[in-house]
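Keep the viewer open as you read.

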Amino acid sequence: MTSFWKGKRVRLRGIEPDDWTAFMRFAEDEERLGDVLHPPRSAENYRVRAKEQAAAKPGDDCFQLVIEAVDTGAVVGVIGSHHADRRAGRFEYGVTIGADHRRKGYAAEAARLLMRFMFAEQRFHKCEAHVFACNEASLELQRRLGLVEDGRLRDHAFLDGRHHDVVVMSMLADEFTQRHPAGER
């Protein structure tokens, strides 16, 4: 049996202290591509944050994992579960892929692995993704995975000097199981 956390293209793993350089690169990519803008951080800030995340105690339904390319071992992105609400049975996920590694199937496969864990093992009922309406690539990824639009939060986020709509998308556990059978990775 292969690892639950490994697919054909990616392997999901915990964060290691040395991952800080990839995190810094992803932040630069996001800023350059207009995805997210944060105040500049020092290399030491990235080092400390990666070290803290690597040492964080597991067990929560909210976590972040590194996405590695199976063929090269390169860190190509990060994926995480956040805003998990066990009582309501829903969680939100987010994925970031480095600019050099986009459109190679890494995000979709990583998302399927994460959702399979959250639905099948953690028994969540609903997965949500919140996507900037202007981010066509991410919207298309969610649609290909089978998420559907629940609604739109008008002028919900401020980015690049103006307000943007945020599209709320979701998939239910039974929809996931139907669309992505257990043997698929």
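Let's begin with charge: Arg-11, Arg-13, Asp-19 and Glu-68 are tied together in a network of salt bridges, a salt bridge being a side-chain nitrogen of Lys or Arg within 4 Å of a carboxyl oxygen of Asp or Glu. Before going further, note that this is a predicted model, where local features need pLDDT of at least 70, side-chain atom pairs count only at pLDDT 80 or more, and totals for chains, interfaces and linings use all residues. Residues are numbered from 1 along each chain as its sequence is written, and side-chain values use heavy atoms, with hydrogens and water left out.

The structure has ten salt bridges. Another one joins the side chains of Arg-86 and Asp-61, at 2.8 Å from N to O. This pair links distant parts of the chain, 25 residues apart: Arg-86 sits in the loop between strand 3 (75-85) and strand 4, and Asp-61 in the loop between helix 2 (43-55) and strand 2 (63-69). Helices (H or I, at least four residues) and strands (E, at least two) are DSSP runs, numbered from the N terminus. Arg-86 counts as partly exposed because its relative accessibility is 47%, while Asp-61, at 11%, counts as buried.

Now for the packing. Which residues of helix 4 are buried? In helix 4 (residues 136-145), they are Ser-138, Leu-139, Leu-141, Gln-142 and Leu-145. These residues cover an arc of only 160 degrees around the axis, so they lie on the same side of helix 4; the arc is taken from the directions from the helix axis to the C-beta atoms. What they pack against is strand 4 (90-97), helix 3 (106-121), strand 5 (126-132), strand 7 (162-172) and helix 5 (173-179). Just past the end of helix 4, Gly-146 has a positive phi of about 110 degrees.

Leu-145 turns up again in the largest nonpolar core, which has 35 residues; Ile-67, Ile-79, Phe-91, Tyr-93, Met-115 and Leu-145 touch the most other members. (A nonpolar core is a set of buried Ala, Val, Leu, Ile, Met, Phe, Trp, Tyr and Cys residues joined through side-chain atoms within 4.5 Å.) Helix 3 gives the most to this core, with eleven residues. Apart from this core lies another, of eleven residues, including Ile-15, Ala-50, Val-75 and Val-78.

Click on Met-115 next: leaving aside neighbours within four places in sequence, its contacts (heavy atoms within 4.5 Å) include Phe-91, Tyr-93, Leu-145 and Phe-176.

Lys-8 is exposed, because its relative accessible area is 72%. Beyond its neighbours within four places in sequence, Lys-8 is in contact with Val-70 and Glu-109. Lys-8 and Glu-28 are 20 residues apart in sequence, and their C-alpha atoms are 28 Å apart in space.

Technical notes:
Buried < 20%, exposed > 50% of the residue type's maximum accessible area, 1.4 Å probe, protein only.
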